[in-house]
Amino acid sequence: MAQDELIKYRSATGRWVLLATVLGTSLAFVDATVVNIALPEIGRSLSAEASGLQWTVNGYALSLASLILLGGSLGDRFGRKRVFMIGIAWFATASLLCGLAPNIELLIGARVLQGIGGALLTPGALAILEASFIRDDRARAIGAWSGLGGIGGAAGPFLGGWLVEAGSWRYIFLINVPVAAFVLWVAARHVPESRNPSAARRIDVAGVLTGAAGLGGLTYGFTAWPMRGPGDPVVLLALAVGVAGLLAFVLVEHRSPEPMVPLSIFRTTAFAGANLVTLLVYAANGGVFFLVVINLQVVAGFTPLAAGIAMLPATVLMLFLSSRSGALGQRIGPRIPMTVGPLVCAVALVLMSMIGPGTSYLTGVLPAVIIFGLGLSLLVAPLTSTALGSLDDAYAGIASGVNNAVARAAGLLSVAILPLAAGLGAGSLTVSDQLHPVYRHAMLICAGLMASGSVIAFILIPSRLAAHVPADTFCDPCSPPLRRADAVKSAR
């Protein structure tokens with residue numbers, strides 16, 4: 001987009017753009033977590049074992065993480081608005097199939113299709129914000145997107161718990177259809193189109209296939225490990241395919257003349273650091289949102305509705321504080337918020353590890369949830385702004401795609417590995433005596449991941465981003481993505 005076409009945060013168009021991106025990504029984000037509330041009921045309804053329930057979560061996360069880079073690059077090439085709208089329509093169709101699934105196998109298949117839609121819409125939403133708003137308003141817009149997304153995060157578990165308890169688990173999928181229709185209407189009327197004219201002209205098929213093989217192999221291997229054992233040939237083969245796939249992905253991207261992920265972007269320290277922090281933080285988040293709501297129902301005896309509401313204060317805090325956190329990061333730089341935020345979350349997770357049989361919500365759950373919400377509110381907006389703002393605007397789609405891919409892959413592998421690492425073995429996620437010790441150990445592991453993210457942020461995240469450097473110090477927008485880092489050095 002030309003500079004005179006960029007949108008101001010407080011304009012009417014800016015509010016419509018924010019609404020479309022918030023609602024669109026809320027569909028994908030909420031379905032990544034609200035299903036956890038319904039897992040016990042899905043297990044009973046469809047006679048599913050622990051591995052089937054894990055794949056109900058991982059089937060979605062796998063296709064989302066595997067293809068989200070492709071979604072970002074397609075948006076850069078064909079138009080971010082166009083790909084975003086295709087993703088919304090795809091997601092709605094897959095949600096309908098989920099709601100009608102007669103058995104666990106078809107539900108998992110429909111969840112995989114849902115993830116494909118999520119991979120198309122999610123990077124497009126952030127890239128639209130980065131490419132559409134004037135530079136001074138971008139951090140605030142991204143902070144507002146993060147906070148307003150908390151509305152979906154807050155309403156999703158509440159609505160999901162109510163639908164499961166009062167109606168059916170199927171309604172948590174069917175309700176996506178009318179919401180998606182509204183998002184399509186808003187996007188068609190109000191969201192501007194943007195693209196990268198220098199984007200690759202062909203699809204990096206080899207990169208897509210090797211990346212999907214890598215994530216799929218690792219996920220299947222770690223999910224099958226508890227039931228089959230570490231020496232099982234299927235487990236060993238799957239893990240070998242996963243490792244080989246990821247190594248092949250790096251090799252393909254290094255040699256490709258038009259890679260899906262230009263590896264040169266990781267030479268920018270802020271970008272590499274932000275994505276490493278994302279990996280650790282979202283691995284912890286994946287474990288928290290997968291296990292807490294199950295533990296509250298199976299071990300602590302909460303109803304699905306009560307378990308769904310339990311995390312509500314955290315999302316409400318994000319709603320009110322994330323925009324302010326984005327503005328704070330813009331003013332003082334991202335290093336301090338990104339260092340302190342994960343430490344606050346780590347304290348909360350240590351407290352969450354103590355949730356057990358008979359735990360009271362007011363004294364045993366709520367304090368930890370509030371502390372967790374404060375930590376996330378401080379962290380998420382500066383983290384997202386750093387991941388997107390450390391590269392040139394022309395790379396908004398790929399920067400968003402990479403950061404989202406890292407976050408989704410972290411959550412995916414967390415759900416697959418964390419129960420194993422915490423000692424589940426061949427146990428069940430729906431039996432109190434077997435889940436309780438696994439949950440406690442898993443929360444402590446997640447606290448360690450958060451603390452590690454804090455250390456990485458302190459070391460690798462700069463006190464100021466290149467966005468603080470006047471625009472006229474930059475060179476041509478089609479130059480290599482490292483130019484912002486160079487501009488910062490020259491400005492210093």
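## Worked exercises on a helical chain

R111 sits in helix 4 (residues 104-132). Before we dig in: this is a predicted model, with local features needing pLDDT of at least 70, side-chain atom pairs counting only at pLDDT 80 or more, and totals for chains, interfaces and linings using all residues. Residues are numbered from 1 along each chain as its sequence is written, and side-chain values use heavy atoms, with hydrogens and water left out.

**Exercise 1. Is R111 buried or exposed, and what does R111 touch?**

Step 1: Buried means under 20% relative accessible area, exposed means over 50%, and partly exposed is in between (1.4 Å probe, protein chains only).
Step 2: apply them. R111 has a relative accessible area of 0%, so R111 is buried.
Step 3: list the partners, where a contact means heavy atoms within 4.5 Å. Leaving aside neighbours within four places in sequence, R111 is in contact with D31, V35, T56, V57, G59, Y60, S63, C98 and F173.

**Exercise 2. Work out the fold summary of the chain.**

Step 1: count the elements, taken as DSSP runs numbered from the N terminus (helices are H or I, at least four residues; strands are E, at least two). You get 17 helices and zero strands.
Step 2: check burial. Of the 492 residues in the chain, 58% are buried.
Step 3: look at sequence separation. Among contacts in the chain with a separation of 6 or more, 84% come from residues 24 or more positions apart.

**Exercise 3. Describe the largest pocket.**

Step 1: recall the idea. Rolling a probe the size of a water molecule over the atoms shows where empty space is left. Here a pocket is an open set of points on a 1 Å grid over the protein atoms alone, where a 1.4 Å probe fits, with protein on both sides within 12 Å along at least five of seven lines; lining residues have an atom within 4 Å of a point.
Step 2: the largest pocket has a volume of about 600 Å³. It has 23 lining residues, and the closest to its centre are L246, F249, A405, V406 and A409.
Step 3: helix 2 (50-78), helix 8 (205-228), helix 9 (233-255), helix 10 (269-298) and helix 15 (396-421) each supply at least two residues of that lining.
Step 4: sort the lining, with Ala, Val, Leu, Ile, Met, Phe, Trp, Tyr, Cys and Pro as nonpolar, Asp, Glu, Lys and Arg as charged, and the others, Gly among them, as polar. That gives 19 nonpolar, four polar and no charged.

**Exercise 4. Compare S414 with G301.**

Step 1: S414 is in helix 15, while G301 is in the loop between helix 10 and helix 11 (304-310).
Step 2: S414 counts as buried at 7% relative accessibility, whereas G301 is exposed at 57%.
Step 3: S414 touches A283, G286, G287 and P419, not counting residues up to four places away in sequence. The C-alpha atoms of G301 and S432 are separated by 9.3 Å.

Conventions
Points joined across faces, edges and corners; volume = space filled by probe spheres on them.
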